[in-house]
Every structure is written in C-alpha cells, then in structure tokens.
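Reader: I would like to go through the terms used for this model and see what each one rests on. Please set each value against its criterion.

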Amino acid sequence: MNPRVPIWLKWALGAAALIALPLVVRDRYFLHLLVTAGIFVLLASSWNLLAGYAGQLNLGHAAFYGIGAYTSAILATKLGITPWLGLFAGGFVSALFGLMLGVPSLRLSGPYLAITTIGFSEILRLVAMNWVQLTRGSLGLYGIPPFTPIRLGSWLEIQFRSEISCYYLLLVLVCASLVIFRRLIRSEFGLSLESLREDEIGAASIGVNISGYKLAVFTISAFFAGLAGAFFAHYQRLVSPDTLSLGETFTILTMTMLGGLGTLLGPVVGAVLLTFLSEGLRFLEDMVKLDVRMIIYGVLLIVTILFMRGGIVGLLNSLRGTGRAKD
Amino acid sequence: MKLLRTENLTRYFGGLCAVNDVDFELVSGEIVGLIGPNGAGKTTLINLLSGVFPPSSGNIIFQDDDISRLKAHQVNSLGIARTFQVVRVFKKLTVLDNVLAAAVDRRRLGPWSLVAQAILGRSWSQAARDHDEADRLLEFVGLASYSDELAENLPYALSKRLEIARALATSPTLLLLDEPSSGLNPSELNDQIEIVRKINRQGVTILIIEHVMKVIMDISQRLIVLHYGKKIAEGSPREVYQDPEVVEAYLGGETHVEYR
Amino acid sequence: MESLFLQQTVNGIIVGSVYSLIAIGLTMVFGVMKISNFAHGDYSMLGAYVAVFMLGVFPGWLGWVGSMLAAAAGVGVIGLLSERLLFRPLLDRWTDIDIIMVSVGLFLLLENLAQLLFGATPRMIKDPFGGTTLNLVLVSTSVLRLFCLAFSCVAIALLQIFLTRTRLGVAIRATSQNRFAALLMGVDTTMVYALTFSVGVALAGIGGVLYGTLFAVFPTMGAMPTLKAFAVTIMGGMGSIRGAIFGGFILGIAETLGGNYISMDYKNAIGFVIIILVLLVRPRGLFGRKEGA
C-alpha cells in the first residue's frame, strides 16, 4: 500500500473517473461495452457469492439472469408495469427461483449439484423457447419499454433511451450492489458462508444452520442476477432464450475465475477485462475470419485454474504479500 | 445435577450395530473418559450426542430436553460442542476467523438476521465484544500469536487446539472431545491435558474419548468402557482398570470386525 | 401396435448400448480418480470425426471398423495428454470446483476447436452396409444398427476381460476401491490414473463413432453424450461399471419409448428428468457406494 496516497483519495479518483468516462469518451459503442461490463459485474459478483464464498457450484446461473429479464419484460409489455418496479420484481421472482434451486443443494454437492443446476437452467431455457404464449418462444420479446423518465422539478427530465443515461443508472445499481456484497462478505454472514464452504460438518458443529444458509445464499445470489437481467431487459429492450444459455453461464464463470474466485474485486476485474477482451477478439476474429473467442475462454479457464488459482486479484495479492485475498 | 443421560441408545449402520443399547449419565462439572478398543463405537456415540445423525432407537436427554432427533447445529445451540478425531478446522480461514465464526450468537441470530445485520450495519460494541471473546479464547489455548495465520498452515498439534478454541467459542455446557491427543508427542500431550483441565475448571462438563492411557487415567474422574457398541464397564479409573471384562476386551479374545 | 413397441424397444437397446459404452468411461474415471469430466462427450465427438476422416480414405465396412480402432487409439492419446497436462496437476489440490471448472474449460476448448477445424456443418457417416435391413419376426432393423449393438457389446466385454483378467485391470479396480491400500500394495497409482483416463476416453471415442453413425457428426454433438453419460452414471451409481451398463440400456429404452409414446420434442429431456429423479430419491444410484458419514 503506497503510504502517500490515502485510500479515500484512490476511491474518489476512481469514482470520478467512472463518472467522467462517458463524458470524455463519447463513442456509443464504447458505452455499450461499459454497460455490458457492468451487467456482467453484477452477474459475476452474484455467482461469486454463491460459488466462491459459499462453495456451491451453480452451473445454471444464467437462468436467474433470464428469469429476471423475462419477468420484467413480461410485466412491462403485457401488464404495463413500470420498469422501475419491474427491476425489483425481476430480482424477487429470480430470488424465488433461487430458493427453489437451493433445495436440491441441501442434499447434493459437487458434480451432482452441478449437473442438477445445469438441468434446471436447461429446462427453463426450453420453457422459454416453447411457452410461446408467454415468451414468444425463440423470437423473444421485443419492444420492451425503456426505463420511464425521471422528472426533477418542472424543467429537468432524465430519459433512459440512450446508452449514457443507462450507464449512469447501472453505475448506481452496481455500486449499491457492490456495497451490499462487501457488507455481506465481510460480516458474520460471510464468515458463516465460508465456514459452510470449508467444512459443512464442522460448521454444523459450531451451530451453523447449513440448510438455512444455503437457501439464503441461493436466494440472494439469484436476486442480484435477476436484477441484472431486468436491467438488461429495459436497456437492450429485447430478450431471447439465449440469455438462459449455458454459454452465458460459462462466460460468467470464466470471468469470475479469471478475476479471482472468492474475492470481492475478482468478479469486477474479470467482468471488465473479459468484456473488453472479447471485443478485442472480435476484431481479431474479423481479421482472421475465425471464431476464436470461446476457445480463448476455454484456454483462459484452464490456465487460470492450473496456474493462477486465485485469479488476477489473487495474483496481485500474493505479489503484495497479503495473506488473504479479500479485497 | 444430571446434565445428560441416554436411554437405550442404539445406532445401526445397515446390519452393523455400532452403538448397542447404551445407558449412561453425565453429571454437571465432571470429566468422564470414554474408552474401548478400536471400533467399539465411541466416535459413533459422540456423533449421536452431537446430532451428526439420529439414533436408530433410544433417547438422549440433555438438561431435561429430548435432543435425540435434533440436528447438529441445534444441538450446539443448546450447549453441546465437540471436536473431531481428525481435525476439521476451516482451512482457508484465519485462526481468528475460525473462532469468530463460532463466536456468533447463533441461538439468537439465524442466517437472515445476519443478512440484515450485515446490510444495515452492526453495532461496533458487539463486534468489539466478539473480537475480544475470540482473542481471549485464543489466549486460553495458547494460539494468540497465530491469530492471522491461515488455519491450514498450523502444525497439527496447534490445529487441534484451534478446534478446541472454536468449540469453546460456542459457549458450551458440555464439551465432547474425540481423541484430542491423537498424533501428539509427549510434551504436546501434557499441554493438552492442562488445557482440558482448565476448561473443566471453568465449569464445562467434559466427555473425552482417548486411547492414550496416561491421559485418560490422569484426567478422568470416571470412565465408561464400550466394546462392540455395548457399555461393558463404568466406574473410577482404578475400578475399570481392574475389571476383567475390560482387560479381556483390550487384550484377549477373538479378532473383531474393523469398522473404520 | 405390438411390433412397434418391440421395434422401439430394440431401437432403445441399440442406442442404449452406445450410451453404456460412453458412460462406462465416465464412471471409470470417476470411480478411480474422483473426476467428473464435463468434457467427456467431446471425446466421443473427436472419435466421430476420426471416423469421418477415416471413412473418407477407407470407405466401406473395413474402414468403419478400422475407424473404431483408430478412434480408440487417437482419442486415447488425447486422453493421455489431457490427463497428464490438465488433471494430474490438480489431483493433489483437488477440489470439486477446480476439477469441474477445468473440464468445463476443456469442453469449451474442444468444442470450439472442433468447430474451427472441421466447420459447423454436420457430416454423416455413410452406412458401410449400404442400408441393408434385416427383417426378423416382429422387428426390422438395419444391419448397421445391429453391428453398432454388436461392437458396443464387444467393447464392453473386452473391457470387462481387461479389468478382471489382466494385472493392469486389477490394479485399476483396486485403486478404484481403495487408493491407499492399492498404493501400499505397490500399485503405481500415477500410471493407473493415466491408464484409466485413457481407456475411459478411448471407450468414449469408440462410442462416438457409433453415436455419430446412428445420428450425425458436428462439433457441438459432444454435449448430448456428456449429458446422457451423466444421466447413466448417476442412475447406475458413479463409479459402478455394472451400473453404467444397466443404466445405459435403461436410458436408451426409456428415451425411444418415451419419445414415441409421449413426445418427440422432449426426448432429450428424459435424461435430465432421470437425473433429477434419481438424485432426489436415491442419490447413489442403483449400484453406487454410499458416501462415508
């Protein structure tokens, strides 16, 4: 830690940079990337809470994302519910499904749980594809209304039709979520989750209600993924069954592992890095006329696990000589 | 005051009877040793008492409550803590965190209470109190200087002490120790005995499984002997030592089936 | 119709035999090394491509049979490499998450590499018997399918002989039952791991040839056999070869009958449903070992 630069200053500078960024770089595509990265930060962080801190291997996380997206989209398009409510509805409905998926986790672990979560995700994707009346099947839902404008006084109205305003909205959501994650992780709740991850029997012997904690963490993790999905629905204004695909989950996974599983900033680093990396790869793909992105994800995943188990954040922490990769 | 008693406590694993109709009592404040040849069902008994699995039949009464079918975390909330034969500390957590995790008042605060507490913020005084409690316990077992060390980096003997500190952090009335001195060398053994005595002096009742005769004879006020799941003797160390059935169980007789 | 039921049952048996073959590899690797390989089906996919190319050079039934051997050998070598480079380094600091993630990474890698190298268009393995069908009393099936069944059974039988009659095979079984005891008895567990993994995926490779023959060959075809193999091993009990054999046939029959009498669209979902049901009711499967308390 550089003693000459106090922590608060670093945070202030970072915040200022994030706020100023879209004003400086006005490229709409760049902003779109930032928004995409932000959504993945939410997804990766929520997955990290479940897998990194509680040790529950969930390979169906995209399902929560999709449920949140579809919930808010359907509420808005079919019932005319304002997206601002839809945002939280998406989170809560997703949380309910999280609770549902938590039940098998009480009896299963490791590969058995992993496969069950895949099954859960795939079944939901099939439902999204086939329940045409509700979801319009593979065509997906389009024409989803954007966030309704906020009125400040009689002269200022903030619209949410452009990338820039959505970016700021997402920034608020992501920051709030990260604050909540940080509090959860650094609290006795987080400690209880970690004890569950380390040794269930040992944790039970010190009074940790294993079932209760598992259900709680699944619910919370799903809530934030659903929130991200609902935001996405009103940003992209188009939702398709692809949001529930395994590919989406594997992307989230790779981001979290690369950034650092079980650390607070790991998912953030991983999400941002991989979002921009895949953009760079797109250029490469156009040049070389080959689809290499997923191959690189695969390689990254393998290399990270073999050589950089703590991810980038873990690597940085060990270089700095910290015992635990917490921040 | 009778702290714990079991009535016809039995546990089957498939066709194998690991604990067979065991009746015994624990009086508040005593140190009782649980001995018997390998595979006699001692650890199974501890598992039953601590709620790891339920009995096949019979009852466990703790302070007038029937705890026979309670789950492990519920049993702990009522005041029974335990250690494990093969140490099960939280490897990737620090020594301090291991104890802090146990110090949480889980009788009052379930998962969602802790979630609310985490998001809304906890009082500084409570956090400080828990921290002090954890520090005190680490001091008590002599691990204070290892506070920030990862539990997996501890040498074996110290990790056994960590498990004890962790169990104590749950404020138990009854502590079940499963072979706390296995794997320890003679000097570590003496330290361990001292710690157990200290704990008992603070008012915690102790049931200790031990193989090392020196330890068990030294420490226990009373012994219970299991063999093939049945209680075959009970009494003072002297009495038990001279009981012919006990002698035969340990030294003579046919080869017995290995459980684990 | 009576004969339709029998017909579909026969089809189910044929498909089931291939499932068994592929699943055996998965269950072996899990039983010996405690690895759940989510990329297992991709080895089948590679085997299928070996057949595609082999048959390009040596068409006809000779090429077809030869491709099974080539697939076994080729995929076996790739298996050796994967084990040595990816899984063995993890074995000492093994956690579920690590191993599963690595296999997910491998899955992404193999699938997309195949897409890159072979293109996404599905290939068909031409029937080396020219589509001849056989009409038995109540059922009719193609000669090709019968040979698929035959080769699956032969491969499984050969495996059983290997596991029971050879020293290496016994070493594998011993390690699967009790690693430490095997080590103490002088078994070279490192070599056993390498062998088990290679044999396991080689079987998947052969199964892939048959699977590709029955269906089609395309880069993302690996996901289905992986899922089916997991369904079979969970049903039969992770680690149990007998279970994999039983489970494979049961799944095959359940799928074809279910697909016929219930719904074609959800045929592939039957595997998932079985997984969830088994895990809820009897997690260790038919022949699985109970996890230690």
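Reader: How many residues of chain A are in contact with chain C, and how many of chain C with chain A?

Author: The model is predicted. In it, 29 residues of chain A are in contact with 25 residues of chain C. A pair counts as in contact if the C-beta atoms lie within 7 Å.

Reader: Which elements of chain A give two or more residues to the side that touches chain C?

Author: These are α4 (83-107), α5 (110-130), α11 (246-259) and α13 (293-307) of chain A. The largest share, 10 residues, comes from α5(A). By class, this side of chain A has 22 nonpolar, four polar and three charged residues.

Reader: What makes up the side of chain B that touches chain A?

Author: Here 32 residues of chain B are in contact with 26 residues of chain A. Two or more residues each come from α2 (72-78), α3 (95-103) and α4 (111-120) of chain B. Of these elements, α4(B) gives the largest share, seven residues. The classes on this side of chain B are 15 nonpolar, eight polar and nine charged.

Reader: Why is chain A called as compact as a globular protein of its length?

Author: Chain A has 14 helices and four strands. Its radius of gyration is 20 Å, and the globule rule gives 20 Å for 327 residues; the two values are close, so chain A is as compact as a globular protein of that length. The C-alpha atoms fill a box of roughly 55 × 55 × 50 Å along the principal axes.

Reader: How many of the residues of chain A count as buried, and by what criterion?

Author: Of the 327 residues, 55% count as buried. The criterion is 20 or more other C-beta atoms within 10 Å of the residue's own. As for contacts in chain A between residues at least 6 apart in sequence, 74% join residues at least 24 apart.

Reader: Why is α9(C) called oblique to α10(C)?

Author: The axes of α9 (residues 223-236) and α10 (residues 241-261) of chain C come within 8 Å and cross at roughly 120 degrees. Roughly perpendicular covers 65 to 115 degrees and roughly antiparallel starts over 145, so α9(C) is oblique to α10(C). The crossing of α9(C) past α10(C) is right-handed.

Reader: Which residues meet there?

Author: From α9(C) they include C:Lys228, C:Ala231 and C:Val232, and from α10(C) they include C:Phe246, C:Ile250 and C:Leu251. The residues of this contact divide into seven nonpolar, five polar and one charged.

How values were computed. Residues numbered from 1 in each chain as written. Chains lettered and ligands numbered in written order. Predicted model: local features only at pLDDT ≥ 70, side-chain atom pairs only at ≥ 80, totals over all residues. Rg over C-alpha atoms; globule rule 2.2 N^0.38 Å. Buried ≥ 20, exposed ≤ 12 C-beta atoms within 10 Å, placed from the backbone. Contact = placed C-beta atoms within 7 Å. Nonpolar A, V, L, I, M, F, W, Y, C, P; charged D, E, K, R; others polar. Axes fitted to C-alpha atoms, helices over the stretch in contact; angles between N-to-C directions. Parallel < 35°, antiparallel > 145°, perpendicular 65-115°, else oblique. Left-handed = near helix turned anticlockwise from the far one by under 90°.
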